[in-house]
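Here are my notes for someone opening this structure for the first time. Take them in order, with the viewer open beside you.

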Amino acid sequence: MEVLQSKPTTDISSKCPKVLLVDDEESVLLSLERFLRNESVDIHCVTSPIEALELVSHCSFAVVVADLRMPKMDGIELLERIQQISPETIRMMLTADAQIQVVANAVNRGKVHNFFTKPWCRDTVRNAVRQAVNQYELARKNRHLQMLNTMQATDLNRLNKRLQKNVSELAQAQETITTIREQEIEIGSRIQKTLLVESPPDSLPGVRLAHKVQPSERIDGDFLDFFQFSDTCFDILVGDVMGKGVPAALLGAAIKSQFMRSLSSLYSESSDEPPSIASIINYTNRAITEELIELESYVTLFYARFDLKAKTISYVGCGHPPGILFRGDKGIQELLQGKHMPLGFSHSELYASTTVPLKPGDSVFLYSDGLTEMRNEKGEFFGQENLMQCLRKTSWHIPELLIEEVYSQVTNFSAPHSFADDLTCIAIQIEAPRLQTPIVFSEKKFTSSLCSLKPMRQTLRNFTTPYFNDKQICELELALTEAATNIIQHVHQSFVGETIDLEFVVFPDRAVMLIRYKGEPFDQTTVSLPVFDGSKDSGFGLFIISQMVDEVHYINEQTNNNCIYMTKNFKEKTQ
Amino acid sequence: MKLSIERTNNIAVVGIPGEDLDAQNAKAFKKAVTPLLEENLNFIFDLSELNFVDSSGLGAILSSLRHVNNTGRDLKLCGLSTPVRALFELVRMHRIFDIYNDRDEALLAYQTSTDVVELT
């Protein structure tokens, strides 16, 4: 008994299939064990069914062979309970009693797989045990495979879910990137508005100034700054940071503030006079070059100082498009060409300024390369040549109109939706004193109605009689009538309450008629060309206007505010 | 608009009143002249009172010419002031219209023309 009991507990972890033999007679157990010993199975023998149940509930047995008649619990009950604990275990029964009722009970209740009668045939029992072990092993392997299968299916499912999650995360990430990009554009544009573009000083006596900055989608880091030292001396600087987006915009802001620092440091060192522009640029260049080199960036710049007392403009051009100077008395345009490298190339670059005379009546136009590098559909640049031509056409009368004209020309030239670069430009006009060149300005407001046409002509005649001969006045009257009729009939469509403002400005050599009105801008490109064969009785208006005055521009100044600008020279065209 | 009309031998001489013929009164002129153009007559428009004509006024006169021409009759103009004449020349209408200095010249032109004989 002791021998038999010592075995099961120690070998319980053996890897061979386990066979449990249960019989209250030790001799039976010994005999069974003996002829099964050579099988590659791990045999456990117990004499008590209770003990057998204990073992079965702790480890799995391939086969249990139990005696039918045992005290306390018979074989049928034992096998029945084992079936409940471990259903896959193959159950066999030994008995000396081969009554049919007993066998039926064993099969029905104990779900016995095999039945042996004592005395048994060794081979039968051995074969039966062998087969049972195989069957058990096979079932186990099957279960294992099934489990593996299930696990793999679960794994696959999980992987699939993860993949789906990844895909949706990727989509989300992309959405986030788009949002971030939009935010970047928004931030850049805000930086540009608030940090990069300084508004010009409110009052600069004797100076008329207009500027326009249109940030591109990508933000180029164009910046614009003004430093006013006195009523007669101020600096304007137009710069462009290499690079795009928020980094360029931030760098532009940093450089702008460095200029301010340079200026205040130099100011305290020097006397009351503002520091020279060369010293400001040299100071700034030394302060920022190291950082710019590290950031692999640089800054192009046009820095100009207007000294109205000394009647000069001093400038330093650092790799930036040249300024354009208009000589009011001669009517010619000069280039203010810079000769220096951009800031951020070298510590040792010594910047020097150039000074040229600046007389009343002169104007200066400064811009960044976004303007001239605008491309048309063929990929050609707008270019400096076009810009000069466009400026010449405006005759540099009024800075605001000049800027408008340049913008409309550039926009017309460029391929649609191709505002790739920031567009920055500024026009500065040194006004001629009134005593030398009297400028007469008259204006009158009219109701937008066809009934106003005659009073308008009368007013125009009163305005212009001192300056023009009768023929010229008739021509101006015709131009005015055609333009006003277009506004009344097509823009205002005879709505009550609209008005038309007529302004008349006299220059030494010409008069300018401005017709201001609110509403949709009048688009002259949609008007068909006139037909001269008598087959059509309308469509002559714009053609007539263009022939009656020396210049005409249809300008949309801002939303809803429009202006038709016409110039007539005092000297008649020689034809 | 009150037009002055003189009929002589199937020719109506129409005087356009007022100093201006522009967008403000071009429609009124067309309304006044249209029933007259329906009459089986040749026409002379006397523009001598007009100091100012714009493209709308010109359009109204041109429309009258086309109406008359479509029914095989004629319309001649006379008495164009310098600025009005300049406008007609600018838009090449002096090639489309027969233009005379005054009524007498225009009437004379009709009398020597065979068209008038055919019409009567």
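1. A definition before the strands come up: two strands pair if DSSP finds at least two bridges between them. With that in hand, look at S7(A) and S8(A), which form a hairpin with two residues between them. Please keep in mind throughout that this is a predicted model.

2. Strand S7 (residues 222-230) of chain A runs antiparallel to S8(A), and eight bridges hold the pairing. If you want a landmark, find Phe227(A), whose bridge partner in S8(A) is Asp235(A).

3. What lies on the other flank of the pairing story? S8(A) is also joined to strand S9 (residues 299-307) of chain A, again antiparallel, by nine bridges. How many residues of S8(A) are buried? Eight of the nine in strand S8 (residues 233-241) of chain A are, so to speak, under cover.

4. Next, strand S4 (residues 90-95) of chain A, where six of six residues are buried. In a regular strand the side chains alternate between the two faces of the sheet. You can follow this in S4(A): Ile90(A), Met92(A) and Leu94(A) point one way, while Arg91(A), Met93(A) and Thr95(A) point the other way. Both sets are buried, Arg91(A) included. The partner to look at is strand S3 (residues 63-67) of chain A, which pairs with S4(A) in the parallel sense over five bridges. Val65(A) sits opposite Met92(A) in that pairing.

5. Now for a whole sheet. Chain A has an open one of five strands, in the order S6-S15-S14-S11-S12, with antiparallel pairing. Which strands are at the edges? They are strand S6 (207-214) and strand S12 (332-336) of chain A, each of which pairs on one side only. Ignoring direction, neighbouring strands in this sheet are turned by 15° against each other on average.

6. Inside that sheet, strand S11 (residues 323-327) and strand S14 (residues 363-367) of chain A are antiparallel partners with three bridges. Ile324(A) faces Phe365(A) of S14(A) across the pairing. A helix packs on the sheet too: helix H9 (residues 383-394) of chain A touches S11, S12 and S14 of chain A, and its direction makes about 140° with that of S12(A).

7. Helix H12 (residues 470-491) and helix H13 (residues 541-548) of chain A pack at an angle of about 145°, with axes 9 Å apart. Their crossing is left-handed. On the H12(A) side the contact includes Glu475(A), Leu476(A) and Asn486(A), and H13(A) brings Gly541(A), Ile544(A), Ile545(A) and Met548(A). Sorted by class, the residues of this contact are seven nonpolar, three polar and two charged.

8. Over to chain B, which has five helices and seven strands. Read from the N terminus, its elements go β-β-β-α-β-β-α-β-α-β-α-α. Of its 120 residues, 41% are buried. Taking contacts in chain B with a separation of 6 or more, 76% come from residues 24 or more positions apart.

9. Chain B has a helix pair to look at as well. Helix H1 (residues 26-38) of chain B packs against H2(B) at about 15°, and the axes are 9 Å apart. The two helices are therefore roughly parallel to each other. The crossing of H1(B) and H2(B) is right-handed. Among the contacting residues are Phe29(B), Val33(B) and Leu37(B) of H1(B), and Gly57(B), Ala60(B) and His67(B) of H2(B). This contact has six nonpolar, six polar and one charged residues.

10. Finally, where do the chains meet? In the contact between them, 20 residues of chain B touch 20 residues of chain A. Helix H2 (55-70) and helix H3 (82-90) of chain B each supply at least two residues of chain B's side.

Notes:
Residues numbered from 1 in each chain as written. Chains lettered and ligands numbered in written order. Predicted model: local features only at pLDDT ≥ 70, side-chain atom pairs only at ≥ 80, totals over all residues. Contact = placed C-beta atoms within 7 Å. Helix = DSSP H or I, 4+ residues; strand = E, 2+ residues; numbered from the N terminus. Axes fitted to C-alpha atoms, helices over the stretch in contact; angles between N-to-C directions. Left-handed = near helix turned anticlockwise from the far one by under 90°. Nonpolar A, V, L, I, M, F, W, Y, C, P; charged D, E, K, R; others polar. Parallel < 35°, antiparallel > 145°, perpendicular 65-115°, else oblique. Buried ≥ 20, exposed ≤ 12 C-beta atoms within 10 Å, placed from the backbone.
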